[in-house]
Amino acid sequence: MTMTTSATATTVASATPTPAPAPPPTGSSAIDVTGLSKSYGDKVVLDGIDLHIPEGTIFALLGPNGAGKTTTVQILSTLIPADAGQARLAGHDLVREAEAVRAAIGVTGQFAAVDNLLTARENLLLMADLLHLPRREGRRRAADLLRRFELTEAAEKPVSTFSGGMRRKLDLAMTLVGTPRIIFLDEPTTGLDPRSRRTMWEIIRALVADGVTLFLTTQYLEEADQLADRIAVLDHGKLVAEGTPEELKRLIPGSHIRLRFADADALESAAAFFGSPAYDTEALTLQIPGDGGVPGLRAVLDGLERASIEAEALTVHTPDLDDVFLTLTGQPQRSGESLNSWRDNSQKNDTQKDNSRKDNAR
Amino acid sequence: MSAMTYAARDSLTMLRRNLKHALRYPSMTVTVVAMPLVMLLLFTYVFGGALGTGIGGTPTGGGAYIDYVAPGIILMAATSGALSTAISVCSDMTEGIVNRFRTMSISRAAFLTGHVAGSVIQTLVSITLVVGVALLMGFRPSATPVDWIATAGLLTLLVVALTWLAAAMGLVAKNVETASNMPMPLTFLPFLGSAIVPPESMPTGLRWFAEYQPFTPVIETLRGLLMGTGIGNSGPIAIAWCLGLTLVGYLWARAAFNRGIKR
């Protein structure tokens, strides 16, 4: 019997009975928020949000349009005041020590915050000047960032000529001139083509390796799944769920183990053994529902061994964040057909995330 | 470094940014300078003959009409600068970069101070150009060097006042189109004063308005300094108007900027 993909192994590994949190427990919080609320007139945008984000982790705030993601970022980055609630960022009170908070954070917004009339290098130097860096240091950092973000060739061109992807890269580079400890990324890849999105993801992962805390908002479930250590789902101003991507996926039913067999005989004896769950005589596969955890998998493997049935392949399927998201935010779940398309994706994702986490642990 | 030093340094950084914008995209600057130049040519060569005769013995002592109108046109150069300030502040506010500035640990006032300082410099340059062209066209002021310095001082005060007002307008305007319309009254007011013709020739109601609106004492003071006509009490009134408008413009702009983010 063979395991089909390494993704399968990943899923199994991260579904241990006591799931180890991906980030190393540091004990100190980068962002601590209690009871954050905000209304515009009658419209309640945020209704008592609590967040605790450890240092050096990626936190993703996920929600549909209008859920309050951008408002949360605007409040936490000192742009607008909250109506109620407390927040501490990097140990500083958001209201009483706003200047200290501003010195610790960097913000890359939904709409690229770059000066279109200046060149890329001038934009970076502008940041260096506003951060009161010495001239030479500012020039060195600008050159470093241009190189790191592969913008050196375009460095002397006005930003108005840049593509969306280059603009976002420059935007993030400008945020990094000040070496902030907490970075807010408000929908960093919205409107980017898939290739630019992947580049942004790589850059974002590399940031956390430096010990920076990332607060990410996104409406792309794949993005949260790929990047985040913890995800909170925001809907109508309330947090409706929080946890690791795997924990969230296990919140909804749909996990199952799928076995493929060499012939119909093996399939049928297995189906009989496991109490005839759903099976497909054409594809020669058998689905056994479970929580996606290791004990369930072990039981299936033990069962096969005891019954002396040879399975050709085994895959563990956990529901995609799409399912979680749509269920939690009260929107209709997608049909079974379309679920197949993301499965391939989610397996790839898991592999990549595993690699990135290994990087982080280093 | 102290907070004040940081504020000054941040303002300088912002000023450099705005001057860079102006140099790199000079179309706005050119328009702003061209408007008063066209006015000068128009009022001297097209209307000048008729208006000069109509005014008769001009208050400047029977000299050419250009000697009467040049100080008025110089004033228009100052108001025309206000237009570009409102537009550039407003279009800057629609860019995401202002929100970036707000989330950085930099002096809150620096953004506005940089804009205002940049616009004041631009407008003063354009005024200098207008004065130069007027001199070439036969404007013959009788001013002493001290008068010239006083003229420059008063014009600077006026430009600072108008620029702060225009900056506030640019901040409260919903979009660039509105921002370009809001300072229109400022550019129009000199006509309803003594810029082009003496108010004595106007109907009673308009004459009353012309005498008490802020630009008339400024024009009369300029004319007095440059051409040696009587200033009377126009000087202190002009300075008081400039300082008062600066204060109003500054407080308005600061409140508008602190009110929060524009989306």
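This briefing covers the fold of chain B and one helix pair within it. The model is predicted. Chain B contains twelve helices and zero strands.

**Overall fold**
- The order of elements along the sequence of chain B is α-α-α-α-α-α-α-α-α-α-α-α.
- The C-alpha trace of chain B spans about 60 × 40 × 35 Å along its principal axes.

**Burial and contacts**
- Of the 263 residues in chain B, 48% are buried.
- Among contacts in chain B with a separation of 6 or more, 80% join residues 24 or more positions apart.

**Packing of α4(B) against α7(B)**
- Helix α4 of chain B covers residues 65–93, and helix α7 of chain B covers residues 145–172.
- The axes of these two helices lie 8 Å apart and meet at an angle of about 35°.
- The crossing of α4(B) and α7(B) is right-handed.
- On the α4(B) side, the contact residues are B:Ala78, B:Thr79, B:Gly81, B:Ala82, B:Thr85, B:Ala86, B:Ile87, B:Val89, B:Cys90 and B:Met93.
- On the α7(B) side, they are B:Leu155, B:Leu158, B:Val159, B:Leu162, B:Thr163, B:Leu165, B:Ala166, B:Ala167, B:Met169, B:Gly170 and B:Leu171.
- The residues of this contact between α4(B) and α7(B) comprise 16 nonpolar, five polar and no charged.

Note on methods: Residues are numbered from 1 along each chain as its sequence is written. Chains are lettered from A and ligands numbered from 1 in the order in which they are written. This is a predicted model: local features need pLDDT of at least 70, side-chain atom pairs count only at pLDDT 80 or more; totals for chains, interfaces and linings use all residues. Helices (H or I, at least four residues) and strands (E, at least two) are DSSP runs, numbered from the N terminus. A residue is buried if 20 or more other C-beta atoms lie within 10 Å of its own, exposed if 12 or fewer, and partly exposed in between; C-beta atoms are placed from the backbone. Two residues are in contact if their C-beta atoms, placed from the backbone, lie within 7 Å. Axes are lines fitted to C-alpha atoms, for helices over the stretch in contact, and angles run from 0 to 180 degrees between N-to-C directions. A crossing is left-handed if the near helix is turned anticlockwise from the far one by less than a right angle, and right-handed if clockwise. Ala, Val, Leu, Ile, Met, Phe, Trp, Tyr, Cys and Pro count as nonpolar, Asp, Glu, Lys and Arg as charged, and the others, Gly among them, as polar.
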